[in-house]
Amino acid sequence: MPEGSYVTAWADFRVLPGVPEAVARLNRAGLRVIVVSNQRGIALGLYSEADVAAIHAKLQDSLRVQAAHVDAFYFCPHDKEQCNCRKPLPGMFEQAMRDFPEITASTSAMVGDSLSDIEFGKRLGMRTVFIDGGAEQRKAGADQAAELADGRFASLQDAVEALLTQG
Ligand SMILES: [Zn+2]
């Protein structure tokens with residue numbers, strides 16, 4: 001979704017082509033797949049935590065059909081400047097480290113399409129990968145995000161290929 005627009009229901013959610021295959025590849029490689037998202041729409045009263053949980057469950061169902069799964073979802077339900085978990089702040093990585101003590105920032109990669117994603121990964125010392133979904137999906141700050149990121153790819157599939165083959 002573009003900046004300022006919100007996915008509020010599964011009907012609005014689109015799994016991009018190649019995403020289930022890319023996630024399945026990460027799963028087969030034994031890597032953790034963790035999704036972190038800012039859900040300021042909750043603080044704005046546009047949807048609820050239950051709505052987000054329902055979308056995550058539907059996404060998980062649709063991935064499982066293709067032998068893929070996400071290991072954990074974390075989201076920040078807060079408004080700006082209210083917490084330590086709204087990306088680019090590190091709170092969601094700290095939550096993930098509590099649940100998966102074996103993970104470390106230096107062996108993790110942050111893949112995203114927004115500046116807050118890339119800044120989040122950079123601040124933590126992760127490898128960062130910007131996905132450029134094309135002009136329609138490009139968010140404010142995308143140019144800066146592309147510049148800042150360690151890698152730039154057109155799709156998650158391409159990014160996963162690079163991450164797994166370049167070590
Ligand atoms: Zn938060």
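Set aside the neighbours within four places in sequence, and Phe120 is in contact (heavy atoms within 4.5 Å) with Val36, Lys87, Pro88, Leu89, Pro90, Phe93, Met110 and Met126. The model is a predicted one, where local features need pLDDT of at least 70, side-chain atom pairs count only at pLDDT 80 or more, and totals for chains, interfaces and linings use all residues. Residues are numbered from 1 along each chain as its sequence is written, and side-chain values use heavy atoms, with hydrogens and water left out.

Phe120 sits in helix α5 (residues 115–124), along with buried Leu115, Ser116, Asp117, Ile118 and Gly121; buried means under 20% relative accessible area, exposed over 50%, and partly exposed in between (1.4 Å probe, protein chains only). Helices (H or I, at least four residues) and strands (E, at least two) are DSSP runs, numbered from the N terminus. The buried side of the story for α5 is packing against β1 (34–38), α4, β3 (109–112), β4 (127–131) and α6 (142–148). After α5 comes Gly125, with a positive phi near 85 degrees.

Turning to the zinc ion, its protein donors are Cys76 (SG), His78 (ND1), Cys83 (SG) and Cys85 (SG), at 2.0 to 2.3 Å. Donors here are N, O and S atoms within 2.8 Å of the metal (3.2 Å for Na, K and Ca); water is not among the atoms, so sites may look incomplete. Along the chain, the donors are spaced C-x1-H-x4-C-x1-C. His78 is partly exposed, at 30% relative accessible area, and Cys83 is also partly exposed, at 22%.
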